[in-house]
Amino acid sequence: MKFPITCIMVVFNEEENIRKSLNSYLFCDQVIVVDVGSHDNSKLIAEEMGVEVIQHEWTAIPEQTWPDIMYLVKNDWILIADADEEFQYSLADRIARKIINNNDAIIYLPRQDSFLNKPVNGTAWGGISYVPKLFNKNRVQLDCLVHRPMSPLDNFPISRINGDKDTVIIHHNGDNLLKLMKKLKRYYQLEGEARFKTGHRFAWFKWIYYDTYGCLKRNLFDLNGLNGGPREIFLSFILTWYELNSGISLRKYQMRKIKQ
């Protein structure tokens, strides 16, 4: 059964994942794949599967393509997909019921992250997290910032759909370590702008103690990364590396704004 939802998936060299991922989103009655310059067969596979395929110039994050393709979207509700995700149909059924006569702007969906081919239990990636994946195009402002993609208009509410191990988006974000590190590097380079525009300001003590040291402490001890063995200890240090560099990015962006 098809539901009145438009799925948008932005891809770059995802031939290993895209077929399986797209198959899990075919409950949407419109699927748009935005290719940002793949050198592999990602675009060809998407075309073979009969979805709409759009060629777009390279962007560092998927959100930066959204304003350019909104004219193609035929439904009010938009579901954002990644090619390294699998969407469980039981969650699709909950979404279909949720959006009927719904006044929300943004609906957070449950997601389970994977790292080195196993679900993550500890660290900030552990267990089920909730991410802004579903929104009504008429009720949001597209901010297109890293990890801050949109915000509600006119006090429209935000809600979420609760998940469990059988009703969740499975995110294979960390299964390819090299690809993950390249992605995180792109993201932290944009974190400065995103954080500055949402009210954050750089301070040396805060960056060293609360942000960097605090991130490592939270992931290892508060969020039980230490109990997850070498894999989750390693992930804790990756997340801390990301936070450290995000702080540097914020300082650079803040200094540029001061000079202006």
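Asn-13 is partly exposed, with a relative accessible area of 24% (buried means under 20%, exposed over 50% and partly exposed in between, for a 1.4 Å probe and protein chains only). The model is predicted, so local features need pLDDT of at least 70 and side-chain atom pairs count only at pLDDT 80 or more, whereas totals for chains, interfaces and linings use all residues. Residues are numbered from 1 along each chain as its sequence is written, and side-chain values use heavy atoms, with hydrogens and water left out. Helices (H or I, at least four residues) and strands (E, at least two) are DSSP runs, numbered from the N terminus.

**Positive phi values**

- Asn-13 is not a glycine, yet its phi is positive, at about 55°; the residue is placed in the loop between strand 1 (3-11) and helix 1 (18-23).
- Asp-154, also a residue other than glycine, has a positive phi near 50°.
- The loop between strand 10 and strand 11 (158-160) holds Asp-154, which counts as exposed at 69% relative accessibility.

**Helix 5**

- The 21 residues of helix 5 (residues 177-197) should span 30 Å at 1.5 Å a residue, and the end C-alpha atoms are 30 Å apart, which agrees (the expected span is 1.5 Å times one less than the number of residues).
- A kink of about 40° is centred on Leu-190 in helix 5 (the bend at a residue is the angle between axes fitted to the seven residues ending there and the seven starting there).
- At the N-terminal end, Asn-176 caps helix 5, with a side-chain oxygen 3.3 Å from the backbone nitrogen of Leu-178.
- Gly-199 follows helix 5 and has a positive phi, near 95°.
- Among the buried residues of helix 5 are Leu-180, Lys-183, Tyr-188, Glu-191 and Arg-195.
- The cover over the buried residues of helix 5 includes strand 6 (106-115), strand 9 (140-145), strand 10 (148-152), strand 12 (169-174) and helix 7 (229-259).

- Ser-246 is found in helix 7 and counts as buried, at 0% relative accessibility.
- Leaving aside neighbours within four places in sequence, Ser-246 is in contact with Tyr-188, Glu-191 and Arg-195 (contact means heavy atoms within 4.5 Å).
- The second largest pocket holds about 150 Å³ of space (grid points are joined across faces, edges and corners, and a volume is the space filled by probe spheres set on the points).
- On a 1 Å grid over the protein atoms alone, a pocket is an open set of points where a 1.4 Å probe fits, with protein on both sides within 12 Å along at least five of seven lines; lining residues have an atom within 4 Å of a point.
- Residues lining the second largest pocket include Tyr-188, Gly-192, Asn-245, Ser-249 and Arg-256.
- Helix 5 and helix 7 are the elements that give two or more residues to this lining, and helix 7 gives the most, with 6 residues.

- Ile-99, in the loop between helix 4 (89-98) and strand 6, counts as buried at 10% relative accessibility.
- Beyond its neighbours within four places in sequence, Ile-99 is in contact with Pro-4, Ile-5, Trp-77, Ile-107 and Leu-134.
- The C-alpha atoms of Ile-99 and Leu-79 are separated by 12 Å, and the two residues are 20 residues apart along the chain.
- Glu-86 is placed in strand 5 (residues 85-87).
- The side chains of Glu-86 and His-172 are joined by a polar contact of 2.7 Å (a pair of N or O atoms within 3.5 Å; within protein, one must be able to donate a hydrogen and the other to accept it, and residues adjacent in sequence count only if both atoms are side-chain atoms).
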